[in-house]
Amino acid sequence: VKGEDPTVNRLQEVAARKVGKEAALLVTSGTMGNLVSILSHTERGQEVILESECHIFYYEVAGFAAVAGLQARALRGMHGILDPVEVERAIRPADIHQPRTGLICVENTHNRAGGTVWKPEQMRAVYEAGQRHGVPVHLDGARVFNAAVALGVDVRELTRYADSVMFCLSKGLSCPVGSLVTGTKEFVERARRMRKM
């Protein structure tokens, strides 16, 4: 909590550098990392756009609804990959009757789609759709290093198209437990507060 553990501090520094982000925060699990990230990006009553079979929507006990007070806008993807045109259409206009779109979440690799890998250009298209409307993108990158290996690219070719990235140390990185939340220094400071909460 106090940031005094040199081993954890070094791990966080290495993690941030590996995925091309300014800072990182150690959390106990991928589910916790996703929830901490979602809480850090959004405000209660907003809506989150995500793929209808993604891990956050399917396996994380509706934490974004129960803890963060958010509504899901679940879109059907093609083998887990969102159509950027559909994502942009799903972003809510300024209307007092509708929730504001607070976040777009993507999953790479996509668990329930058999490990489908998003290519950098697919990530970029969704990221740019969000940017056009001021909506951040969170990458559930539990297995993003697997995606990078499968594509033969540096992982930063994928993570550059997300405002925050969570990845698991236990998914192909030889650790028994733990995940990292990464993003800007300001974002990670908010995430640190959410982790404590």
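This passage describes the overall build of the chain and then several of its local features. The structure is a predicted model, in which local features need pLDDT of at least 70 and side-chain atom pairs count only at pLDDT 80 or more, while totals for chains, interfaces and linings use all residues. Residues are numbered from 1 along each chain as its sequence is written, and side-chain values use heavy atoms, with hydrogens and water left out.

The secondary structure consists of nine helices and seven strands, where helices (H or I, at least four residues) and strands (E, at least two) are DSSP runs numbered from the N terminus. The C-alpha trace spans about 50 × 35 × 30 Å along its principal axes. The radius of gyration, taken over C-alpha atoms, is 16 Å, which agrees with the value near 16 Å for a compact globule of 197 residues; the globule rule is 2.2 Å times the number of residues to the power 0.38. Buried residues (under 20% relative accessible area, against over 50% for exposed and in between for partly exposed, with a 1.4 Å probe and protein chains only) make up 48% of the 197 residues. Of the contacts (heavy atoms within 4.5 Å) with a separation of 6 or more, 70% join residues 24 or more positions apart.

Nine of the twelve residues are buried, so H2 is largely enclosed by the rest of the structure. Among these buried residues are Gly30, Gly33, Asn34 and His41.

Strand S7 (residues 179–183) contains Thr182, which counts as buried at 0% relative accessibility. Beyond its neighbours within four places in sequence, Thr182 is in contact with residues including Val19, Lys21, Asp163, Phe167 and Val188.

Several loops hold backbone features of note. The peptide bond from Asn108 to Thr109 is cis, with omega near 0°, and Thr109 lies in the loop between strand S4 (101–107) and helix H6 (120–132). His79, although not a glycine, has a positive phi of about 55°. This residue, His79, belongs to the loop between strand S3 (71–75) and helix H5 (84–90) and counts as exposed at 57% relative accessibility. Ser174 likewise is a residue other than glycine with a positive phi, near 70°. Ser174 is placed in the loop between strand S6 (164–168) and S7, and counts as exposed at 75% relative accessibility.
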